[in-house]
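Hello,

Here is the structure we talked about handing over. Please look through it first, then read the notes below.

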Amino acid sequence: MRDIVFTRSSGWIPKVIHENGQLKLMLAAGADANHEPREFTFPIAEAHLAVIREDLARHLLLWSAVLPLCDTAGTRGRLDEDAAVALLDPVLLAPPADVDALFRRIPWDRSRPVAHGADIALLERGQVCQAMRAATEESNERRAQEYHANRRRAARGTVLGPLDAAILRYTGQYLHGATVPRRMPDAVDPALLPQVMRVIATAEQACAGMRIGLDPRRGHRATDKRDWDRMAATVDAAVRRAHPGLVDDAVRTVSFLMCSEAADRSRSTPADDPEEHTDLGDGAKTALTFTDDKGGERTWRRDGQGTASGEFWEFVADRSAGDNEVFTIEDEEMGEGIQLHFYADSVARITTVRPGEAGSDPQYRVEYSLVDGIGGYRNMVSAFVRGGCAALDQHGPWMADVAEFERARRRRDAR
């Protein structure tokens with residue numbers, strides 16, 4: 001039989017219960033294997049209950065001191081009741097100076113006092129009892145999150161100035177640097193917003209006209225890492241030059257914002273090649289076959305809705321994987337094609353020198369070239385679609401000798 005003896009208005013603060021003829025403190029902490037909150041209990045005396053009833057500060061400090069023991073219990077372990085009971089007198093009944101000394105020796109959860117309004121400066125100086133004079137029953141979890149975010153930054157040697165903090169709030173990355181940034185002007189102190197917008201304007205001007213393309217080799221939504229790094233470096237340099245007082249965290253969040261927005265624009269743009277609609281030479285393709293190393297095949301014809309390049313890169317995004325990195329585009333009628341080797345940043349162009357006759361095998365000319373990232377592959381594919389293998393001459397050099405090509409590839413990879 002369990003009866004609640006004392007509870008505060010905030011539901012998470014530990015309760016005092018009467019269970020099996022004994023007073024106990026009950027608290028929820030951590031989670032079990034099913035991600036449900038765990039409940040822990042341990043015995044207390046009437047003297048402890050009296051302090052818990054009358055002294056919110058001591059109640060909260062006891063909670064902070066016991067939480068690490070709950071963390072140690074994990075998802076299924078037992079609470080160390082002896083250790084928990086041993087905290088009761090020192091936290092609830094000892095003089096303030098002794099309590100302060102105790103909290104300098106033991107592990108404790110700082111987020112609870114901070115969330116409930118404790119004076120952070122006094123906490124940092126080890127004056128926990130005095131800090132808790134400002135405590136309230138109602139909690140502010142965001143205050144605790146910001147406190148821990150600042151502690152993490154301080155551990156890295158980073159101290160934010162007012163403008164740095166405002167920029168991080170504007171991008172939504174004040175609490176978590178891994179959060180995808182977005183524009184949140186309402187989160188910024190109105191007095192600082194004009195300065196924030198000047199920094200953002202500097203970044204926008206620096207990357208105007210730049211774009212981050214998609215990289216279908218890694219799926220439908222993956223972006224070109226080289227494009228991303230290039231834009232980030234451009235924005236970083238411009239912001240540091242125009243606003244030299246900003247800390248690294250503030251500069252990085254601005255470049256992250258610019259790159260994320262550019263990547264989103266690319267993801268909302270069809271995987272198409274506009275040049276194919278307007279620049280059709282005599283060698284422009286009317287039908288092509290796409291294949292991969294795993295038996296996948298797709299046929300494209302010009303009378304369809306999409307362009308050859310767009311359809312091919314959709315095929316790549318659908319099929320590309322760590323064990324499927326060779327893709328071919330073939331024009332069977334013209335007897336030519338290109339083969340893309342994503343694993344080696346290289347491409348082969350293949351032309352039929354003599355078709356197979358009377359049971360003999362066809363004779364092909366195969367030439368190899370190095371490719372500079374996904375941008376290089378896109379140029380190769382577009383050129384082939386518009387003009388066949390002959391249009392690829394300008395994208396060389398092309399090497400028919402395999403040994404010569406391998407030496408060139410090793411030289412490039414060694415750089």
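**Notes on the model**

Thr41 counts as buried because its relative accessibility is 18% (buried is under 20% relative accessible area, exposed over 50%, partly exposed in between, with a 1.4 Å probe and protein chains only). This is a predicted model: local features need pLDDT of at least 70, side-chain atom pairs count only at pLDDT 80 or more, and totals for chains, interfaces and linings use all residues. Residues are numbered from 1 along each chain as its sequence is written, and side-chain values use heavy atoms, leaving out hydrogens and water.

Thr41 sits in strand β4, residues 37-43 (strands are DSSP runs of E, at least two residues; helices are runs of H or I, at least four; both are numbered from the N terminus). Its contacts (heavy atoms within 4.5 Å) include Ile17, Lys24 and Met26, not counting residues up to four places away in sequence.

Now the sheet. Four strands form an open, antiparallel sheet, ordered β1-β2-β3-β4 (strands pair if DSSP finds at least two bridges between them). β1 (2-6) and β4 are the edge strands, each pairing on one side only. Five bridges join β2 (residues 15-19) to β3 (residues 22-31). In that pair, Lys15 stands opposite Met26. Helix α2 (residues 56-73) packs on the sheet and touches β1, β3 and β4.

Last, confidence. The protein averages a pLDDT of 91 (the predictor's confidence in each residue, from 0 to 100). Helix α13 (residues 275-278) has the lowest mean among the elements, 48. Where pLDDT is low, the predicted coordinates should not be read in detail.

Best wishes

Notes:
Axes are lines fitted to C-alpha atoms, for helices over the stretch in contact, and angles run from 0 to 180 degrees between N-to-C directions.
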